[in-house]
Amino acid sequence: MLAPATDEPLEPIVWTPDMAVGIPEIDDEHATLVALYNDLVHALQRGASLFMNHSMMQSLLSYLSDHMDREEGYIRRHAFPDADAHFREHREVKVALRVLAAHPPDGEAAGPAARRLRGWVLHHILVSDRALFDHVRRSGGALSVPPASRGAHP
Ligand SMILES: [Fe+2]
Ligand SMILES: [Fe+2]
């Protein structure tokens with residue numbers, strides 16, 4: 001499960017250039033993920049309907065799943081040594097988001113889940129994905145993946 005990072009604030013994530021991993025397609029996707037997360041936070045802060053919370057969690061899950069498929073392509077092509085731990089982090093957040101999307105919490109109950117998600121997103125981009133793409137760049141993989149193979153498992 002996601003770490004119980006309940007000390008995370010329920011507030012948007014501010015995207016800053018130092019969050020970039022240096023591969024434009026991945027950085028663009030991370031910025032979009034942050035924007036989707038922020039939409040969810042804004043909806044929770046203004047007390048949006050359960051339907052709206054559900055719809056935002058589904059959008060986040062769908063975008064995140066495609067993004068992680070793409071990252072896992074990089075992991076396999078570049079033989080990333082910490083592949084298992086990275087796959088595990090991806091699986092954990094997908095399971096947690098699937099549960100949230102299937103039974104979206106309302107009002108106060110949604111806060112702790114969104115805070116844990118915030119902690120996961122920040123840690124994963126700043127630590128785990130950075131380590132992955134440092135490895136990809138070191139192994140000569142800074143070039144973008146051709147669109148035809150995006151999301152495909154080798
Ligand atoms: Fe990742
Ligand atoms: Fe990522």
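Predicted model: local features only at pLDDT ≥ 70, side-chain atom pairs only at ≥ 80, totals over all residues.
Leaving aside residues up to four places away in sequence, Ile26 touches Val21 and Phe133. Ile26 also lies 8.0 Å from His67, C-alpha to C-alpha, although 41 residues separate the two in sequence.

The protein chain as a whole contains four helices and zero strands, and its elements follow the pattern α-α-α-α when read along the sequence. Of the 154 residues of the protein chain, 25% count as buried. Among the contacts in the protein chain with a separation of 6 or more, 83% are accounted for by residues 24 or more positions apart.

The largest nonpolar core comprises 19 residues, of which Tyr37, Leu40, Met57, Leu60, Leu97, Ala114 and Leu117 touch the most other members. At least two residues of this core are supplied by each of helix 1 (24-45), helix 2 (50-77), helix 3 (83-102) and helix 4 (110-138), and helix 4 gives the most, with seven residues. Another core, of eight residues, lies apart from the largest one, and includes Ile26, Tyr74, Ile75 and Val136. Within the largest core, Leu97 is one of the residues that touch the most other members; when residues up to four places away in sequence are not counted, Leu97 touches Met57, Leu60, Leu61 and Leu64.

The packing of helix 1 against helix 4 can be described next. The axes of the two helices, helix 1 and helix 4, come within 11 Å and cross at roughly 170°. Because angles over 145 degrees count as roughly antiparallel, helix 1 and helix 4 are roughly antiparallel to each other. On the side of helix 1, the contact is made by Ile26, His30, Leu33, Tyr37, Leu40, Val41 and Leu44, whereas helix 4 contributes Ala110, Gly111, Ala114, Leu117, Arg118, Val121, Ile125 and Phe133. Tyr37, Leu40, Ala114 and Leu117, which are listed in this contact, are also among the residues that touch the most other members of the largest core.

Helix 4 itself was examined for its length and its course. Ile125 touches Met19 and His30, not counting residues up to four places away in sequence, and is 8.1 Å from Val21, C-alpha to C-alpha, across 104 residues of sequence. Just after helix 4, Gly140 takes a positive phi of about 80°.

A positive phi is also found at Ala79, whose value is near 45° in a residue other than glycine. Most residues other than glycine have a negative phi. The place of Ala79 is in the loop between helix 2 and helix 3, and Ala79 counts as exposed because 9 C-beta neighbours lie inside 10 Å, where the limit for an exposed residue is 12 or fewer.

The C-alpha atoms of Glu11 and Ala114 are separated by 9.1 Å, although the two residues are 103 residues apart along the chain. Pro17 likewise has its place in the segment before helix 1, but is exposed, with 6 other C-beta atoms within 10 Å. Between the C-alpha atoms of Pro17 and Asp27, ten residues apart along the chain, the separation is 9.3 Å.

Key
Residues numbered from 1 in each chain as written. Chains lettered and ligands numbered in written order. Core = buried A, V, L, I, M, F, W, Y, C linked by C-beta atoms within 7 Å. Buried ≥ 20, exposed ≤ 12 C-beta atoms within 10 Å, placed from the backbone. Contact = placed C-beta atoms within 7 Å. Axes fitted to C-alpha atoms, helices over the stretch in contact; angles between N-to-C directions. Parallel < 35°, antiparallel > 145°, perpendicular 65-115°, else oblique.
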